[in-house]
Amino acid sequence: MLQIVTPTSLASLSNPIANTMEHLSLLDNHIPGNTTLITAVELERFVNLRSLALDFCDFTAEMARVLADSNHVPLHRLSLLVHSVSIMHKSLDSMPEDENWKALTRNSTNLRVYIMAFDVKSDDMLRILKPSIPLERIHFDSYITCVSGAVVDLISRQYDKFLTHFILMNDVIDMSGFPDLSDNLNEDPLVLLAWRCTRLSLLAVHGYTVWAHNLIAIARLRGSDLKVLEVTEESIDFDQGELADQDVDPVHNLIEQVSLGLGRPWHAVMDIELLSVFTEPTRHFYREMQSFSEGI
């Protein structure tokens, strides 16, 4: 219930209701200030919780300890929305450390995590992404702050056994062109992600430079297991060698090679509004969180 829930809403629930609740989605819509809709003490009553969605700044180390307690049923799905406004008002000082994540996954062995990060600085993301998070899905959305290649590289190294969904969206207005994650790097971070993350089934990119030869490499590495590969046409770039070859149409060659790699017909996304993830970010988070927790 957007903008309706207050810090006293959960306290008003009776114990029998709190004890039987299995799904809890609680976001404050980023009202400025230190509004916290749930505390660790409050969470102790929700012993049957199987899926939980929270503002990341509200998910504290103490909450992770409560959920790791053996009197709670194992948590299966945790969806966390990381927003720059929320970080500004609430800070990251109370977030779970790696040992908290380890303890939580010991009690909840099937736990999978979905994170959506909105305009979060790379330095903050490097702090947030602890090695023991069982991260299955991550979505970056930017209007001001772009993701760095270092963050993508860290994700591909730490979550190679879990990651299935990787979404990279950027609507920063920059006349100098889209950011290039592979700048000053020997290997493109998105290619390394496709190589390391063998469970990857969805990759969507808009507003970052994706070189045509890297897109072909991604398609070949993951093949038909990559069920969704969405890249907007304006994000794709060709190096000079590809453009200089008079005998080959670079766009036709790209479509042909990616289609061969995936084992099915493929085309770049011509209009950003046709992207499956093109919605208002908070609404997309709700939709994705619901499908993520389905059947739990």
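## Basis and terms

A residue is called buried when its relative accessible area is under 20%, exposed when over 50%, and partly exposed in between, with a 1.4 Å probe and protein chains only. The model is predicted, so that local features need pLDDT of at least 70 and side-chain atom pairs count only at pLDDT 80 or more, while totals for chains, interfaces and linings use all residues. Residues are numbered from 1 along each chain as its sequence is written, and side-chain values use heavy atoms, with hydrogens and water left out.

Helices (H or I, at least four residues) and strands (E, at least two) are DSSP runs numbered from the N terminus.

## The loop residue Ser 132

Ser 132 is found in the loop that lies between α6 and β5, and it counts as buried because its relative accessibility is 18%. When neighbours within four places in sequence are left aside, Ser 132 is in contact (heavy atoms within 4.5 Å) with Asp 98, Trp 101, Lys 102 and Thr 105.

## Strand β5 and its partners

Strand β5, residues 135-142, is mostly covered, with 8 of its 8 residues buried. Pairing requires at least two DSSP bridges between two strands; β5 is joined in parallel by 6 bridges to β4 (residues 112-118), where Met 116 has His 139 as its bridge partner. Strand β5 is also joined by 6 bridges to β6 (residues 165-170), again running parallel, and Arg 137 stands opposite His 165 in β6.

## Crossovers

The chain passes from β5 through helix α7 (residues 149-158) to β6 in a right-handed β-α-β crossover, meaning that the path from the first strand over the helix to the second runs clockwise with the strands pointing away from the viewer. A right-handed β-α-β unit is likewise made by β4, helix α6 (residues 122-128) and β5.
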